[in-house]
Structure formats: C-alpha cells, structure tokens
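Let's take a walk through a protein together, one stop at a time. Have a look at the sequence and the 3D view before reading on.

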Amino acid sequence: MLGINKYNASVFFIFLLVSSSVIQAQTDIFTQTNYISESTFNSAATLLLGKNFKNGSSAMLRIQSEKLWIQNNEGAYQCQAVSNNIGYQFPIQSEKHKLVIMACPKWTGSSNGLASISEWQMGGLALLTVQENPNFMWRVGLFVNKEFFGYMVVPLLGFDWKTKNHWRLYGLAPNSMRFGKYSKNEKWNTGIYGRSFTRSFRAVDNNHFIRYNEVHLGVFTERTFGKHHAVQFYMAEQLGKSPRYYSASDKSAEISLPGLSLKRNYVICGFGYSFRI
C-alpha cells in the first residue's frame with residue numbers, strides 16, 4: 001500500500017533541506033473530500049526539483065504519488081499511482097521565449113499495492129512560454145499520454161495576466177484556469193476556478209480500469225506566509241459522473257463498479273499546503 005508515514009516524511013524533508021543549497025525545490029500536498037452520501041477522497045504529494053544553468057536553461061524533476069479512495073455505504077475501493085517526470089527547459093533566441101520538453105512515465109496500481117496489479121503509462125509534454133511583458137505571459141503546448149482507455153492527446157493554452165487593479169487570470173487550460181483578486185503584496189488571492197483533468201487507474205485486475213474525470217467549477221482562496229509556506233482552500237461542483245469503471249475489452253461502455261453506486265454532480269471541498277525552499 002502506498003502511503004507516507006512519519007519516517008518517510010522525515011526523510012523527505014531532510015532530503016529537501018540538504019538539497020536546497022544546489023537546487024530549487026517545492027513540495028505540494030493536496031487533499032480533497034466530498035462530504036455527501038457518496039465520498040471520493042483524492043490525495044497527492046508532489047516534489048518538484050529544478051536546477052538552473054548559466055545559459056538560462058534548467059533541468060526539472062517532478063515526482064508525484066496519488067491515492068484515490070471511492071467509498072459509500074455499499075463498499076470501498078482504492079487506487080494509487082506514482083509518476084516520475086523528467087524535463088528540460090531552454091531559452092529560444094532570448095529569455096522571453098522558453099521551451100519545456102518533458103517525459104512523463106507513470107506507474108498505477110489497485111488497492112492491493114503497486115507491486116501486485118500495476119502497469120506503466122508513458123506520456124510526454126511540450127510547452128512553449130512567451131513573456132510579453134512583466135504583467136503578461138502566455139503558453140501553448142501539447143500533452144500526450146497512453147491511458148488505459150487509449151491515447152489521450154490534449155492541446156494546452158495558458159495565460160498569466162495581471163492588471164493594474166490587482167486582478168489576475170492565470171493557469172493552463174484545460175487542466176486548470178483561475179481568475180481572482182490578489183493583494184498588493186500578492187500574499188492573498190481569491191477568486192473562481194475551473195479544472196478539467198482526466199487520468200486512469202488499473203482496477204481489480206488487468207482486465208478492468210477506472211477512468212477518473214475531474215471537472216470542477218468553483219471558488220478558491222490562497223494565502224502565503226513568508227517565503228516558504230502557502231495554504232489553499234477551495235469548494236467546487238464536480239460536473240458529471242466520476243469515477244467510472246470499464247472493462248479493457250470494451251473501453252467505451254461503462255460498467256457498474258463492484259459494490260458501489262456513484263452519482264452525477266456533487267460538491268467537493270479541499271485544502272492544500274505548499275512548502276517551498
């Protein structure tokens with residue numbers, strides 16, 4: 001079973017402190033919970049490391065572990081995944097134009113653990129960033145991943161736009177986009193957000209999988225404390241039915257999840273914490 005116990009957490013933060021002299025590090029821990037009759041718990045821990053070079057390029061390593069619990073009065077189910085993304089960012093002509101190329105392998109498994117029922121998924125990302133001025137940046141790219149339901153190809157378009165009266169539009173669609181009001185010192189940010197993020201997990205055996213479509217529309221608030229800490233809170237409506245259960249022999253026809261009955265459209269709320277070095 002994939003988890004973060006006290007010993008692993010201690011080793012994790014010691015590693016960050018030792019590494020901080022030579023790399024730029026960031027960790028994000030997010031949890032989200034639906035408090036209705038059916039419950040979906042989704043938690044993730046992310047470690048992002050980067051090394052900048054004198055020519056303006058940088059190397060990046062992003063490690064993420066994720067757990068998905070699905071439960072109600074009829075039963076419970078659990079999935080998990082570990083991804084290890086390796087990328088390189090380099091300037092094109094000038095520092096205002098940068099291209100990121102990233103390999104995105106992921107290992108997914110069922111409730112019995114990654115070692116028992118698991119399979120690799122392989123993907124990749126290409127993302128171009130253009131800094132027009134200090135208050136406006138745009139991005140365009142492509143993400144491709146071999147999911148259990150087939151190849152997923154996602155065009156990407158992103159913005160980071162700040163106005164003089166402290167409004168901000170930022171994100172990378174369709175994955176996430178936010179529009180909100182931020183304080184003068186940028187320590188407080190509140191607004192609305194949309195999120196669309198799809199992934200798949202291997203289910204009880206190699207003949208079944210779970211497709212998890214996060215489609216959220218809601219509100220958020222986030223607050224930074226000093227240089228190292230930030231907290232986030234959000235509440236949103238999950239649009240559509242998710243998660244969904246499929247057979248590998250027919251990847252388009254949904255089947256009932258053993259022991260569970262899930263419904264469409266429910267409210268979720270979540271809390272996040274970020275520690276940066």
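Where does His 166 lie? His 166 is found in the loop between β8 (150-162) and β9; the labels for helices (H or I, at least four residues) and strands (E, at least two) stand for DSSP runs, numbered from the N terminus. The phi angle of His 166 is near 70°, a positive value in a residue other than glycine. Most residues other than glycine have a negative phi, and most peptide bonds are trans. His 166 counts as partly exposed because its relative accessibility is 22%. Here buried means under 20% relative accessible area, exposed means over 50%, and partly exposed is in between (1.4 Å probe, protein chains only).

Before going further, a word on what you are looking at. This is a predicted model, in which local features need pLDDT of at least 70 and side-chain atom pairs count only at pLDDT 80 or more, while totals for chains, interfaces and linings use all residues. Residues are numbered from 1 along each chain as its sequence is written, and side-chain values use heavy atoms, with hydrogens and water left out.

How confident is the predictor? The score to know is pLDDT, the predictor's confidence in each residue, from 0 to 100. The protein chain averages 79, and 79% of the residues score at least 70. Confidence is highest in strand β7 (residues 136-147), at a mean of 95, and lowest in helix α1 (residues 6-19), at 40. Over residues 1-27, pLDDT stays under 50, and the model has 49 contacts beyond four places in sequence for this stretch; a contact means heavy atoms within 4.5 Å. Residues 30-37 also have pLDDT under 50 throughout, with 37 such contacts. Where pLDDT is low, the predicted coordinates should not be read in detail.

Now step back to see the whole chain. Its secondary structure comes to one helix and 16 strands. Of the 277 residues, 40% are buried. Among contacts with a separation of 6 or more, 52% are between residues 24 or more positions apart.

Next come the charged pairs. A salt bridge is a side-chain nitrogen of Lys or Arg within 4 Å of a carboxyl oxygen of Asp or Glu, and a search of the whole structure finds seven of them. One of these joins the side chains of Asp 160 and Arg 168, at 2.9 Å from N to O. Asp 160 counts as buried because its relative accessibility is 17%, and Arg 168 is buried too, with a relative accessible area of 18%.

Another salt bridge brings together the side chains of Glu 222 and Arg 178, at 3.2 Å from N to O. Glu 222 lies in strand β12 (residues 208-225) and Arg 178 in strand β10 (residues 176-182), so this pair ties together parts that are 44 residues apart in sequence.

The side chains of Arg 199 and Glu 214 also form a salt bridge, at 2.7 Å from N to O. This pair links distant parts of the chain, with Arg 199 in strand β11 and Glu 214 in strand β12, 15 residues apart. Arg 199 is buried, at a relative accessible area of 2%, and so is Glu 214, at 1%. Salt bridges that share partners join Glu 66, Arg 195, Arg 199 and Glu 214 into one network.

Let's visit Lys 251 next, in strand β15 (residues 250-255). Lys 251 counts as partly exposed, at 41% relative accessibility. Leaving aside neighbours within four places in sequence, Lys 251 is in contact with Phe 148, Phe 149, Phe 209 and Tyr 246. A polar atom of the Lys 251 side chain lies 3.4 Å from the backbone oxygen of Phe 148. Lys 251 and Gly 150 are 101 residues apart in sequence, yet 8.2 Å apart in space, C-alpha to C-alpha.

Two peptide bonds deserve a stop as well. A cis peptide bond joins Ala 173 and Pro 174, with omega about 5°, and Pro 174 sits in the loop between β9 (167-173) and β10. The bond from Ser 242 to Pro 243 is also cis, with omega near 5°, and Pro 243 is in the loop between β13 and β14 (244-247).

Methods. A polar contact is a pair of N or O atoms within 3.5 Å; within protein, one must be able to donate a hydrogen and the other to accept it, and residues adjacent in sequence count only if both atoms are side-chain atoms.
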